[in-house]
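Please examine the sequence and the structure shown here before reading on.

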Amino acid sequence: MAALIAENLRFLSLFFKSKDVMIFNGLVALGTVGSEELFSVFAFHCPCSPARNYIYGLAAIGVPALALFLIGVIWNNHTWNLVAECHKSGTKNFSAAATFLLFGSIMGRAAVAPVTWSVISLLRGEAYICALSEFVKPSSIDKFPAEYGAEVLAKFPCRDVPANLTKFRDEVTRRLRYESQLFGWLLIGIVAVLVFLTKCLKHCCSPLSYRQEAYWAQYRSNEDRLFRRTAEVHSRILAAKNVKHFFGFVALDKEEKELVQEFPVEGVQPSPQWNAITGVYIYRENKGFPLYSRLHKWAKGVEGNGPTPEGHELLFLAS
């Protein structure tokens with residue numbers, strides 16, 4: 001158990017430290033595979049009862065997938081940037097194509113975990129067999145006893161059947177597992193084609209060269225890392241000053257004393273500045289020069305979030 005907890009903590013550490021989209025998605029997929037395996041071993045128990053099997057089997061596939069999708073939406077920074085943008089000014093600053101691109105980015109990233117969960121569930125087959133065993137037509141099974149019906153078929157996933165039905169249970173299980181795995185492989189193929197087409201469309205429609213796009217990705221990563229680190233230090237120093245003002249002194253360790261002495265903090269940034277650097281950002285240029293983020297745009301003194309006479313909106317969203 002301790003080893004399992006340590007592995008999960010290590011996974012979460014890598015998950016939150018990852019900046020690359022492919023690594024991020026890969027970690028999400030691997031974490032989902034591990035979770036599905038644990039669920040199948042410890043939590044999945046087919047009721048083997050007519051009318052209950054179907055609901056339980058679909059719930060075992062669909063409910064975790066839905067939960068993972070919602071978690072993916074919640075953890076996506078674009079979601080909260082969009083909420084902040086809508087709260088301030090709605091979507092009037094974005095064209096229909098830009099809005100579609102934004103939602104596509106959010107939904108695409110959030111879909112990694114639920115699709116992985118669904119694929120693994122279908123390839124394993126237990127949930128599919130549980131859900132559909134009672135719907136197998138006895139007439140489709142060669143020499144199946146006429147006196148048995150859906151109630152017995154519903155018990156096939158639990159192996160709780162009369163001895164004379166064992167060979168029929170094996171046949172039904174093989175048939176349903178075949179269907180389940182077929183749907184799983186088809187889902188993998190469809191997703192692979194969609195990802196390939198999306199990547200092609202993205203690079204074909206991108207206004208940036210390959211090198212500039214790579215530079216933009218590096219800039220965003222560095223800006224976010226430095227902003228978070230600086231904000232943490234700034235807030236700590238400001239909190240130390242306020243605590244000292246209240247008590248007359250503040251208990252700081254050696255590192256914090258050095259920070260307070262090295263970085264004088266006089267006050268906080270006004271709300272208009274925070275609003276200017278918060279929200280959705282789609283790549284724009286001003287007088288031919290790129291603006292890589294809202295912070296970059298604010299630093300250059302460019303007003304507004306929509307296209308201006310001096311600049312133009314390029315429909316390309318950061319990954």
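The model is a predicted one, in which local features need pLDDT of at least 70 and side-chain atom pairs count only at pLDDT 80 or more, while totals for chains, interfaces and linings use all residues. Residues are numbered from 1 along each chain as its sequence is written, and side-chain values use heavy atoms, with hydrogens and water left out.

**The chain as a whole**

The protein chain contains 13 helices and three strands; helices (H or I, at least four residues) and strands (E, at least two) are DSSP runs, numbered from the N terminus. Of the 319 residues in the protein chain, 32% are buried, where buried means under 20% relative accessible area (1.4 Å probe, protein chains only). Contact means heavy atoms within 4.5 Å. Among contacts in the protein chain between residues at least 6 apart in sequence, 70% join residues at least 24 apart.

**Helix H6 and its neighbours**

Helix H6 has 13 residues, and its first and last C-alpha atoms are 18 Å apart, close to the 18 Å expected at 1.5 Å a residue. The expected span of a helix is 1.5 Å times one less than its number of residues. Ten of the 13 residues of H6 are buried, among them Trp-117, Val-119 and Ile-120. After H6 comes Gly-125, whose phi is positive, near 90 degrees.

Axes are lines fitted to C-alpha atoms, for helices over the stretch in contact, and angles run from 0 to 180 degrees between N-to-C directions.

| Helix pair | Angle | Distance between axes |
|---|---|---|
| H6 (residues 112–124) and H9 (residues 166–205) | about 150 degrees | 7 Å |
| H3 (residues 52–75) and H6 | roughly 160 degrees | within 8 Å |
| H10 (residues 210–247) and H11 (residues 254–262) | roughly 90 degrees | within 10 Å |

Angles over 145 degrees count as roughly antiparallel, and those from 65 to 115 degrees as roughly perpendicular. By class, the contact of H6 with H9 has nine nonpolar, five polar and two charged residues. Here Ala, Val, Leu, Ile, Met, Phe, Trp, Tyr, Cys and Pro count as nonpolar, Asp, Glu, Lys and Arg as charged, and the others, Gly among them, as polar.

The axes of H3 and H6 cross at roughly 160 degrees, and H3 is thus roughly antiparallel to H6. Contact residues include Ile-61 and Phe-69 of H3, and Ala-113 and Trp-117 of H6. This contact of H3 with H6 has ten nonpolar, two polar and no charged residues.

The 40 residues of H9 should span 58 Å at 1.5 Å a residue, and the end C-alpha atoms of H9 are 58 Å apart, which agrees. Buried residues of H9 include Phe-168, Leu-176 and Gly-184. Their cover includes H6, helix H7 (126–132) and helix H8 (150–153).

H10 and H11 are roughly perpendicular to each other. Their contact involves Val-233, Arg-236, Ile-237 and Ala-240 of H10 with Glu-255, Glu-256, Leu-259 and Val-260 of H11.

**A buried loop residue**

Is Glu-134 buried or exposed? Glu-134, in the loop between H7 and H8, is buried, with a relative accessible area of 12%. Residues that Glu-134 touches include Arg-52, Tyr-54 and Leu-153.

Definitions and conventions: Buried means under 20% relative accessible area, exposed over 50%, partly exposed in between (1.4 Å probe, protein chains only). Angles under 35 degrees count as roughly parallel, over 145 as roughly antiparallel, 65 to 115 as roughly perpendicular and the rest as oblique. Lists of a residue's contacts leave out its neighbours within four places in sequence.
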